[in-house]
There are 2 protein chains.
Amino acid sequence: MYIVIAGCGRLGDMLAVQLSRLGHSVVMIDHTENAFGKLPGEFSGFTITGDASEHSVLEMAKIKKADCLFSVCLEDTLNLMIAQLARHVFEVPRVFARVYQGSYEDILGALSIEIICPTQLALSACLASLTSPKDTPEHSG
Amino acid sequence: MYIVIAGCGRLGDMLAVQLSRLGHSVVMIDHTENAFGKLPGEFSGFTITGDASEHSVLEMAKIKKADCLFSVCLEDTLNLMIAQLARHVFEVPRVFARVYQGSYEDILGALSIEIICPTQLALSACLASLTSPKDTPEHSG
């Protein structure tokens with residue numbers, strides 16, 4: 001798959017590496033060039049320095065060819081804007097936005113944008129942990 | 001269960017309400033009183049304004065009687081400090097720290113502190129979403 005990731009923060013960084021490792025073609029966009037410094041050598045994709053909420057920057061990333069876009073910038077509102085552009089202007093088949101504020105979910109569902117809400121995921125994990133035996137996790141990777 | 005939550009941000013807030021709804025006794029600690037303004041009327045627990053990394057504040061929350069503590073303040077390092085105090089000074093049986101930086105996991109596992117890492121959870125959700133059919137989620141609650 002051809003995948004565009006907007007935002008090379010902690011999540012974008014990890015996502016890029018994993019998707020790249022799985023054999024996908026990945027393009028990363030971030031407005032600061034320094035952000036790409038954290039990407040390990042094994043990342044085989046391209047990087048673009050620019051604001052992913054601008055048409056020209058998304059076009060530079062060949063957004064029209066993308067099978068999927070993940071918008072994982074720091075701010076929820078920026079992710080909403082980028083996701084809407086990708087989904088409704090450039091008609092990317094699958095668009096995911098990370099939003100911390102759970103209340104956006106209904107709006108985004110209606111806009112055909114899929115949500116990754118870390119707050120909701122963490123809440124579920126907390127509640128599930130309480131009812132499971134104590135475990136000091138050793139996540140792989 | 002008697003549960004102490006440090007940090008009344010987005011996650012702390014939701015957690016307090018859910019745990020309260022499940023019939024647990026909940027005490028919330030936050031260093032700003034305004035933070036408690038977001039708690040809905042149905043929250044039946046207590047609130048303490050203070051710095052949860054201070055012994056005296058944890059003692060005010062009757063930490064020694066707690067079955068469990070969740071440290072979900074904004075900063076990873078603060079959560080690490082509070083979690084260590086709760087686990088190793090006050091011997092709270094189960095202690096959970098939210099940390100965005102995944103690399104703390106090994107250290108905390110060794111310290112017998114359980115981790116909630118939203119970054120890791122979001123990464124797993126992103127990767128799982130890609131291989132599942134398109135779905136515009138309508139989470140309940």
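# A predicted model, strand by strand

User: Hello! How many bridges join strand β4 (residues 68-71) of chain B to β5(B)?

Analyst: Welcome! A word before we start: this is a predicted model. In it, β4(B) and β5(B) run parallel. The number of bridges that join the two strands is four.

User: Why is strand β5 of chain B largely enclosed by the rest of the structure?

Analyst: Let's look at the two sides in turn. In general, side chains of a regular strand alternate between the two faces of the sheet. On one side of β5(B) are Arg94(B), Phe96(B) and Arg98(B), on the other Val95(B) and Ala97(B), and all are buried. The strand is therefore largely enclosed, as its buried residues number five of the five.

User: What does Ala97(B) stand opposite in β6(B)?

Analyst: Strand β6 covers residues 114-116 of chain B, and β5(B) pairs with it in the parallel sense over three bridges. With helix α4 (residues 105-110) of chain B, these two strands make a right-handed β-α-β unit. The residue of β6(B) opposite Ala97(B) is Ile115(B).

User: Which strands are at the edges of the sheet in chain B?

Analyst: The sheet is open and holds six strands with parallel pairing, in the order β3-β2-β1-β4-β5-β6. An edge strand here pairs on one side only. That is the case for β3 (46-49) and β6 of chain B.

User: What is the average twist from one strand to the next in that sheet?

Analyst: Picture the open sheet of six strands in chain B, from β3 across to β6. Going from one strand to the next, the twist averages 20°.

User: In β4(B), what is the bridge partner of Ile3(B)?

Analyst: Strand β1 (residues 2-6) of chain B runs parallel to β4(B), and four bridges join them. The partner of Ile3(B) in β4(B) is Cys68(B).

User: At about what angle to β6(B) does helix α5 of chain A run?

Analyst: This helix, residues 118-130 of chain A, reaches over to the other chain, where it lies across β4, β5 and β6 of chain B. Relative to β6(B), the helix runs at about 155°.

User: What is the radius of gyration of chain A?

Analyst: Chain A has five helices and six strands, which run β-α-β-β-α-β-α-β-α-β-α from the N terminus on. For its 141 residues the globule rule gives 14 Å, and the chain's own value is close to that, so it is as compact as a globular protein of that length. The radius of gyration is 16 Å.

User: Is Ser112(A) buried, partly exposed or exposed?

Analyst: Ser112(A) sits in the loop between α4 (105-110) and β6 (114-116) of chain A. Its phi is near 65°, a positive value in a residue other than glycine, and most residues other than glycine have a negative phi. A residue needs 20 or more neighbours to be buried and 12 or fewer to be exposed. Ser112(A) has 15 C-beta neighbours inside 10 Å, so it counts as partly exposed.

Key. Residues are numbered from 1 along each chain as its sequence is written. Chains are lettered from A and ligands numbered from 1 in the order in which they are written. This is a predicted model: local features need pLDDT of at least 70, side-chain atom pairs count only at pLDDT 80 or more; totals for chains, interfaces and linings use all residues. Two strands pair if DSSP finds at least two bridges between them. A crossover is right-handed if, with the strands pointing away from the viewer, the path from the first strand over the helix to the second runs clockwise. The radius of gyration is taken over C-alpha atoms; the globule rule is 2.2 Å times the number of residues to the power 0.38. Axes are lines fitted to C-alpha atoms, for helices over the stretch in contact, and angles run from 0 to 180 degrees between N-to-C directions. Two residues are in contact if their C-beta atoms, placed from the backbone, lie within 7 Å.
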